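User: I'd like to go through the labels given to this model. Please back each one with its cut-off.

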Amino acid sequence: MKEDEKPKSFEASLEALEQIVHQLENGDLPLEKSLELFEDGIRLSRQCQERLNQAERRIEILLRDNQGRPAVSAFEEARSISDNGPTDS
């Protein structure tokens, strides 16, 4: 990233990454341009992954119980029970 360039939002970075993927998939770019786009794509991918990791850490902090332990629940199991009703047949 250039020094004067501000970090993009997650959504803007993801959109830019998608555009790079489409350009590279076309396969009609010169080698140097392809390499430049690939480098930009890797940078954007790492930025997006870091933002996702930060969001996950924030969520984990928000979901702690009174003793500071992570409050873990069976999300998929709870959802399937509520969708299908009890399975006591």
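Analyst: Contact means heavy atoms within 4.5 Å. On that basis, residues 24 or more positions apart account for 51% of the contacts in the protein chain with a separation of 6 or more. Note that this is a predicted model.

User: What makes up the fold, from the N terminus on?

Analyst: The elements run α-α-α. The protein chain has three helices and zero strands.

User: Why is Leu62 called exposed?

Analyst: Exposed means over 50% relative accessible area. Leu62 has 69% relative accessibility, so Leu62 counts as exposed. Leu62 is found in helix H2, residues 31-62.

User: What makes the nonpolar surface patch?

Analyst: Ile59, Leu62 and Leu63 make this patch, of about 330 Å². Nonpolar side chains are joined within 5 Å, and each patch residue must have over 30% relative accessible area. Leu62, at 69%, clears that cut-off.

User: Which residues make up the largest nonpolar core, and why is it called a core?

Analyst: Ala16, Leu17, Ile20, Leu37 and Leu44 make up this core, five residues in all. Helix H1 (10-26) and H2 each give two or more residues to this core. H1 gives the most, with three. The name applies because a nonpolar core is a set of buried nonpolar residues joined through side-chain atoms within 4.5 Å.

User: What does Ala16 touch, not counting residues up to four places away in sequence?

Analyst: Ala16 touches Lys8 and Leu44.

User: How much of the protein chain is buried?

Analyst: Buried means under 20% relative accessible area. Such residues make up 10% of the 89 residues. The protein chain exposes about 7800 Å², with 52% supplied by carbon and sulfur atoms.

Notes: Residues numbered from 1 in each chain as written. Predicted model: local features only at pLDDT ≥ 70, side-chain atom pairs only at ≥ 80, totals over all residues. Heavy atoms only, no water. Patch = residues over 30% accessible without salt bridge, like charges linked within 9 Å, V, L, I, M, F, W, Y side chains within 5 Å. Areas by Shrake-Rupley, 256 points an atom, 1.4 Å probe, with all protein chains shown as cover. Salt bridge = Lys/Arg side-chain N within 4 Å of Asp/Glu carboxyl O. Helix = DSSP H or I, 4+ residues; strand = E, 2+ residues; numbered from the N terminus. Buried < 20%, exposed > 50% of the residue type's maximum accessible area, 1.4 Å probe, protein only.
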